[in-house]
Amino acid sequence: MVAGAAVAAAVLVSLNATGAPAAPVASVAPVAAAGQDAAVQGGNADTLRALAKRAGLKIGTAVDMSALNNDATYKDRVAAEFNSVTAENVMKWSEIEPTRGVLNFGPADQLVAFAKANGQSVRGHTLLWHSQLPGWLTEGVASGDIDSAELRQLLKQHVFDVAGHFRGKIYQWDVANEVIGDNGQLRDTIWLQKLGPGYIADVFRWAHQADPKAKLYINDYNVEGLNAKADAYYELVKQLKADRVPIHGFGMQGHLGVQFGFDGRALQNVQRFEALGLETSFTEVDVRMLMPADNPKLHAQANGYSILLRACLLAKKCTSFTVWGFTDKYSWVPGFFTGQGAANLLDENFGQKPAYQAVKETLALAG
Ligand code: G3I
C-alpha cells in the first residue's frame with residue numbers, strides 16, 4: 001500500500017469499527033456511447049474501476065452473457081465500471097459440455113474477448129462443483145454406467161480441457177467450489193462419494209499443470225466471518241498447504257442478507273488465511289433483502305458491501321472484489337429466494353443505490 005494509504009487505512013479502520021452508511025444519491029443516466037473508450041480504459045476517474053485501480057484492487061462483476069448480448073446499457077456498465085469479469089454460468093461444466101465429448105467454448109470465449117477489448121482481467125468460475133453438472137455425467141454415475149475410475153478420468157479431462165483452453169487468459173480460477181457443507185464437514189457429493197476426499201488435491205494439481213500461471217482458489221459461501229464453516233476451510237487449507245498442493249487463494253463468495261445482519265469480523269478471517277500464505281478475494285458479493293426495498297434496508301445493504309470491501313482493502317493480500325451481478329435488472333436472487341431481491345449496487349433502471357455510493361467512497365478512501 002502507498003504512503004497516502006496509511007491515512008486511508010486509519011480512516012478505513014475507524015469506519016470498520018463504526019460501519020456508518022453513506023448518504024443517499026440521485027440516480028444518473030448511463031454513460032453516452034461516444035465517451036466510451038475513455039471511460040472503458042478507466043479515463044473516467046469517477047468509475048469503480050478507476051478508483052479500484054488507484055487502490056491496487058481488481059473490482060469485478062459476474063456477467064450474464066444474454067444480458068451482455070441484448071442490453072446495451074448493461075454492456076456499457078460492465079465495461080465502464082469493472083476491471084475484472086467472471087462468467088456467471090458459461091464456464092460451468094453443464095454449459096461447456098452439455099453433450100459428452102462436445103465442448104462449447106463459444107459464449108465463454110466471447111466473454112474473454114470482450115474483457116480483452118475492455119482492458120479487464122477474467123476470473124474463471126468454476127472447474128469443480130456439485131451443481132450445474134451435465135446430465136450425461138450425473139445420470140451415468142447414478143446408473144453405475146460411469147464408475148469411480150471413469151469419473152476420475154472424466155474430471156481430470158475436464159480440468160485439462162477447460163483450464164487448458166483458457167491457459168494464460170485467466171488470472172484466478174475457482175478450482176473447487178463449495179466442497180464443505182454448512183455443517184463444516186466435506187460436502188456429500190458424487191465427488192466425495194466416488195473419489196474420496198483426495199479429489200480436492202487432485203483438481204488443484206491438474207489445474208496447476210494445465211495453467212501454471214493462474215492463481216488457484218478454493219471458494220465458498222458463508223465463510224466471510226469467523227464461524228465453523230470458515231474454521232473447517234482453515235483446517236483444510238492448512239492440510240493442503242502441508243501436502244504441497246498448489247492452492248494460492250481463498251475465495252469468500254459474500255452472498256449476504258440484510259435480514260441476517262453482518263459479521264464484522266471479516267478482516268480477522270481474511271488475515272488468518274493470508275497468514276497461511278494465501279491471497280484472498282471476495283468473489284460473489286451481493287446483499288439481498290426482504291422485499292419491498294426501503295431506505296433503512298438500502299442503507300443497511302450499503303453497510304454490508306462496505307464491511308466486506310473494507311476488510312479487503314485493509315488486508316495485505318486481498319486482490320479482487322467481485323459482485324455477483326451489479327444491477328437488480330439481472331439477478332439470481334429473486335429466482336432462488338422467494339420474496340427477496342434488490343441485492344445489487346444499481347437498481348433495475350441502472351440507477352445508483354446507496355450501496356454503489358458506499359463502494360465508491362470506500363474505494364476512494366483507499367486510493
Ligand atoms: O442454460 C439453461 C437454459 O438452457 C435453459 O433454457 C434455462 C431454463 O431452465 O436454464 C438455463 O440454466 C440456468 C442457468 O442459471 C443459466 O442461466 C439454470 O436453470 C439456473 O439454475 C442457473 O442459475 C445459476 C445458479 O448459479 C445455478 O446454481 C445462476 O444464474 C448463478 O448466478 C448461480 O451462481 C452461483 C455460483 O455459481 C456459485 N455460488 C452461488 C451462486 C448463486 O447460486
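Q132 sits in the loop between β3 and α8 (135-143), where helices (H or I, at least four residues) and strands (E, at least two) are DSSP runs numbered from the N terminus. Q132 isn't a glycine, yet its phi is positive at about 50°. Keep in mind that this is a predicted model: local features need pLDDT of at least 70, side-chain atom pairs count only at pLDDT 80 or more, and totals for chains, interfaces and linings use all residues. Residues are numbered from 1 along each chain as its sequence is written, and side-chain values use heavy atoms, with hydrogens and water left out.

- Most residues other than glycine have a negative phi, and most peptide bonds are trans.
- Q132 counts as partly exposed at 24% relative accessibility; buried means under 20% relative accessible area, exposed over 50%, and partly exposed in between (1.4 Å probe, protein chains only).
- N222 is another non-glycine with a positive phi, about 55°, and you'll find N222 in the loop between β5 and α12.
- N222 is partly exposed too, with a relative accessible area of 36%.
- The H125 to T126 peptide bond is cis, with omega near 0°, and T126 lies in strand β3.
- M291 and P292 are also joined by a cis peptide bond, omega about 0°, with P292 in the loop between β8 and α14 (295-314).

**Salt bridges**

- The count comes to 12 salt bridges, taking a salt bridge as a side-chain nitrogen of Lys or Arg within 4 Å of a carboxyl oxygen of Asp or Glu.
- R123 and D174 pair up through their side chains at 2.8 Å, N to O.
- R123 is in strand β3 (residues 121-128) and D174 in strand β4 (residues 172-177), so this pair ties together parts that are 51 residues apart in sequence.
- Both R123 and D174 are buried.
- D328 and K353 also meet in a salt bridge, 2.8 Å from N to O.
- D328 lies in the loop between β9 (318-323) and α15 (333-336), and K353 in the loop between β10 (340-341) and α16 (354-366), so the pair links parts that are 25 residues apart in sequence.
- D328 counts as buried at 15% relative accessibility, and K353 counts as buried at 6%.

**Around strand β6**

- From β6 (residues 249-252), G249 and G251 point one way while F250 and M252 point the other, and all are buried.
- β6 runs parallel to β5 (residues 215-220), joined by four bridges; two strands pair if DSSP finds at least two bridges between them.
- N219 has G251 as its bridge partner in β6.
- The chain gets from β5 to β6 through helix α12 (residues 228-242), in a right-handed β-α-β crossover (with the strands pointing away from the viewer, the path from the first strand over the helix to the second runs clockwise).
- β6 also runs parallel to β8 (residues 279-290), again with four bridges, and G249 stands opposite E279 in β8.

**The ligand**

- There are 16 residues around the ligand, and E88, K92, H125, E284 and W324 come nearest; a residue is near a molecule if one of its heavy atoms lies within 4 Å of it.
- A polar side-chain atom of N89 is 2.9 Å from a ligand oxygen atom, and one of E95 is 3.1 Å from a ligand oxygen atom.
- Q253 has a side-chain N or O atom 3.1 Å from a nitrogen atom of the ligand.
- The ligand taken alone exposes 790 Å², and the protein buries 54% of that (Shrake-Rupley areas with a 1.4 Å probe).

Conventions
A polar contact is a pair of N or O atoms within 3.5 Å; within protein, one must be able to donate a hydrogen and the other to accept it, and residues adjacent in sequence count only if both atoms are side-chain atoms.
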